[in-house]
Amino acid sequence: MSTWVGWQRYVDNAPGNQSADASGWTREQRLDYHSEFVVVRTPAMKRVSLELQKMLLVNRRHQGTARRGLIVSGLPSTGKTTTLMELGRIFELTDRRRHPGVKDRLPVAFVSVPPASTPKMLVSEFARFLGVPVLRRMNQAQITDSVCATLGELRTQLVLVDDIHLLDTRTRSGAETSDQIKHLGERIAATFIYAGVDVDTSPLLVGPRGQQLAGRFKLLRNDPLPHGTAEQRQTWLELVTDLESALRLRHHRPGTLARLAPYLHRRTGGVIGSLSHLIREAAITTIADNTERITKKLLDGIELDIRAQQQLLAPAPTRRSPTGRAGRNR
């Protein structure tokens with residue numbers, strides 16, 4: 001099965017496509033739904049979506065090969081991959097509405113950079129996504145020609161590349177793979193969005209190749225959501241409220257998670273991946289024990305990733321008193 005088929009299943013079966021009425025769902029259907037539960041409409045996603053709309057308009061009118069693109073960067077588990085996939089899903093569904101019944105279109109392509117990637121490995125990932133056969137005797141140029149021709153025939157307009165931070169342009173293979181991505185960007189009439197961990201400080205943007213990339217791409221940070229100001233707390237509350245509204249639990253009391261928004265921020269440090277995992281595991285746990293209701297006691301019993309656990313146990317920061325002496329936050 002090609003990765004393309006897997007992507008189509010994601011587009012068609014993502015939680016956002018599910019009916020809001022879960023009254024007829026079986027227990028297994030609710031378990032499956034919450035196992036794929038994702039956070040949608042995050043502030044970062046809205047920001048990237050807006051930038052993408054502008055970038056698509058710019059590239060559509062651009063006759064040259066140096067098209068503009070976006071890089072989504074941030075700490076691990078801050079929702080970069082989720083942002084990519086959700087943007088791609090929305091873009092593809094929009095394209096389907098504009099071209100109903102047309103089957104020979106693939107508006108979005110999605111690949112991840114393999115570890116220690118070579119140019120042939122990278123372009124082979126594109127071929128795997130498309131289901132294009134790669135024969136052992138085929139060289140890099142032949143695979144590239146086949147991939148570019150297929151993407152052109154399918155009128156692909158958006159190319160999403162995850163784990164871009166794995167490219168180290170200081171190494172020979174990394175530099176050559178970076179050149180391969182640039183080559184694909186010039187041959188494929190599409191807008192490219194990259195995502196990776198702390199790309200702005202990674203080797204990807206180092207040296208002449210990195211500077212050329214930096215001159216064509218706009219970088220957007222996808223960091224943990226802060227909780228200090230009233231506006232920041234409201235943003236977090238809206239995110240938690242959206243997440244709660246997507247739950248499909250028979251006995252869950254609406255507003256429970258919204259009331260626990262400050263607690264959820266302390267537990268997760270504002271990291272989208274940790275929040276999604278916490279609520280997803282709680283939902284699956286409560287379905288498994290037939291209570292189908294998330295409570296603070298249940299959330300307390302769920303262990304999160306090491307990073308979230310460490311930040312939860314970290315000592316509270318100190319602040320200076322008016323007399324100049326340090327004191328603990330109360």
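Trainee: Okay, which residue in β5 is the bridge partner of Ile71?

Mentor: That's Leu219. Keep in mind that this is a predicted model.

Trainee: Got it. And how many bridges join β1 to β5?

Mentor: Five, and the two strands run parallel. β1 covers residues 69–74.

Trainee: What holds strands together in general?

Mentor: Strands of a sheet pair through backbone hydrogen bonds, and the pairing can be parallel or antiparallel.

Trainee: So what's the strand order in the sheet here?

Mentor: Going across, you get β2-β3-β4-β1-β5, an open sheet of five strands with parallel pairing. β2 and β5 are the edge strands, so to speak: each of them pairs on one side only. On average, neighbouring strands are turned by 15 degrees against each other, if you ignore direction.

Trainee: Which strands does α4 touch?

Mentor: α4 packs on the sheet and touches β1, β2, β3 and β4. Its direction makes about 165 degrees with that of β3.

Trainee: Switching topic: how many aromatic pairs turn up in the whole structure?

Mentor: Three. One of them is Phe192 with Tyr194. Their ring centres are 6.3 Å apart and the planes sit at 75 degrees, so this pair counts as edge-to-face.

Trainee: What about Tyr194 and Phe217, how are those rings arranged?

Mentor: Those are stacked, with 4.7 Å centre to centre and 15 degrees between the planes. Tyr194 is in β4 and Phe217 is in β5, so the pair ties together parts that are 23 residues apart in sequence. Ring pairs link Phe192, Tyr194 and Phe217 into a cluster.

Trainee: Are Tyr194 and Phe217 buried or exposed?

Mentor: Both are buried. For Tyr194, the relative accessibility is 3%.

Trainee: And why does Phe192 count as buried?

Mentor: Because its relative accessible area is 5%, and the cut-off for buried is under 20%.

Trainee: Last one, Arg105. Where does Arg105 lie?

Mentor: In the loop between α4 (80–98) and β2 (108–112). Arg105 is buried too, with a relative accessible area of 14%.

Trainee: What does the side chain of Arg105 make a polar contact with?

Mentor: With the side chain of Asp95, at 3.0 Å. Leaving out residues up to four places away in sequence, Arg105 touches Asp95, His99, Leu154, Arg155 and Gln157.

Key
Residues numbered from 1 in each chain as written. Predicted model: local features only at pLDDT ≥ 70, side-chain atom pairs only at ≥ 80, totals over all residues. Heavy atoms only, no water. Helix = DSSP H or I, 4+ residues; strand = E, 2+ residues; numbered from the N terminus. Buried < 20%, exposed > 50% of the residue type's maximum accessible area, 1.4 Å probe, protein only. Polar contact = N/O pair within 3.5 Å; in protein donor to acceptor, adjacent residues only side chain to side chain. Contact = heavy atoms within 4.5 Å. Pairing = 2+ DSSP bridges. Axes fitted to C-alpha atoms, helices over the stretch in contact; angles between N-to-C directions. Phe/Tyr/Trp six-rings, centres within 6.5 Å; stacked < 30°, edge-to-face > 60°.
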